[in-house]
Amino acid sequence: MVGYDPEAKCVSTVEAAAAGSASGLVTRVLVSPLDVIKIRFQLQIEQLSSRNPAAKYHGILQAVQRIFQEEGLVAFWKGHVPAQFLSVGYGAVQFMAFESLTKLVHNVTSYNARDSFVHFVCGGLAACTATVAVQPVDTLRTRFAAQGEPKIYRNLRHAVVTMYQAEGPRTFYRGLTPTIIAVFPYAGLQFSFYNILQQFSEWAIPAEGKKGGNVKNLVCGSCAGIISKTLTYPFDLFKKRLQVGGFEHARAAFGQVRIYRGLLDCIRQIMREEGPGGFFKGLSPSLLKAAVSTGLVFFWYELFCSLLCALKSADSTTRTEG
């Protein structure tokens, strides 16, 4: 049901946006702790190792314990309000654009809307559209998740006003370049591999074993998330480093801080000081988050679309009988 299907004209563009928003909202609540840990790892200059006494975080379990001890349970949902705006807005725009683009391809070109290459291109373009729309919220989410104690920003309104006055409107689009560069292949690979895995499951699973469609959607989405995240991960790290530029004073409690003049300077400094492994800091929680979040997003999206179709079908039957 992900993408336009001429044989199953069930979900409209508006309904796809609603299903995308709902799936993003539910998924964000569940994966927020992994996102906070991932961001903390990505922003740490010191090596993620217990052998490095200067490193604040060494691994996932140690980070969970330290964050809980120092900041409490609510720290795992730091920045949750802007993150929810991000997820709801991103989900709506991405799935609405994806459904529209795959439908356009089907109606205007000779390509099959269910083709994996079409899903790659349309998925990438849909994600770029959604990214530009929600990038300011993503920057706010990163700032909230990155700040320690005492807090620099008291609430969302305070953060917006402070950032605008101190750093100007362009600060809300910090890290947009690596985000756009990364999000096209990342989302394209997500949709493409999800489509490939769904087709493979249709071929591999016998007819009597196809009742657990929701579980299949979850597994296919999780695998697609792991593959796409691994291939595009460094750009996510670059984005996070650039988004906290001008925010160095709030990062002092977490260890060393760096100032980057742009994407290329960020890449050069990381390579020189942290080595090739620096490009993959936070990969473990990121892969775990990608598996969980991508699987859940597709799972909930398909489920909400099925519910909408069932409601429309029931409504149509009632009208016919009436």
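**Note on the aromatic pairs, fold and surface patch**

1. A search of the whole structure finds 13 aromatic pairs. Here, rings of Phe, Tyr and Trp (its six-membered ring) pair if their centres lie within 6.5 Å; planes under 30 degrees apart count as stacked, over 60 as edge-to-face and the rest as tilted. The model is a predicted one, in which local features need pLDDT of at least 70 and side-chain atom pairs count only at pLDDT 80 or more, while totals for chains, interfaces and linings use all residues. Residues are numbered from 1 along each chain as its sequence is written, and side-chain values use heavy atoms, with hydrogens and water left out.

2. One of the pairs is Tyr194 with Phe298, which is stacked, at 4.0 Å centre to centre and 5° between the planes. Tyr194 lies in helix H6 (residues 176-204) and Phe298 in helix H9 (residues 283-321), so the pair ties together parts that are 104 residues apart in sequence. Helices are DSSP runs (H or I, at least four residues) and strands are runs of E (at least two), numbered from the N terminus. Tyr194 and Phe298 are both buried; buried means under 20% relative accessible area, exposed over 50%, and partly exposed in between (1.4 Å probe, protein chains only).

3. Phe299 and Trp300 form an edge-to-face pair, with 5.1 Å centre to centre and 80° between the planes. Phe299 is buried, at a relative accessible area of 17%, whereas Trp300 is partly exposed, at 22%.

4. Tyr194 and Phe298 also belong to one aromatic cluster, together with Phe95, Phe98, Phe191 and Tyr301.

5. The chain has nine helices and zero strands. Its radius of gyration (taken over C-alpha atoms) is 21 Å, close to the 20 Å that the globule rule gives for 322 residues, so the chain is as compact as a globular protein of that length. That rule is 2.2 Å times the number of residues to the power 0.38. Of the 322 residues, 49% count as buried.

6. On the surface, Leu25, Val29, Leu30, Phe68, Leu73 and Trp77 form a nonpolar patch with about 560 Å² of accessible area together. Areas come from the Shrake-Rupley method with a 1.4 Å probe; for residues, only the protein chains shown count as cover. Patch residues have over 30% relative accessible area and no salt bridge; like charges are joined within 9 Å, nonpolar side chains (Val, Leu, Ile, Met, Phe, Trp, Tyr) within 5 Å. A salt bridge is a side-chain nitrogen of Lys or Arg within 4 Å of a carboxyl oxygen of Asp or Glu.

7. Helix H1 (residues 13-43) gives the largest share of the nonpolar patch, three residues. Trp77 lies in the loop between helix H2 (60-71) and helix H3 (80-108) and is partly exposed, with a relative accessible area of 34%.
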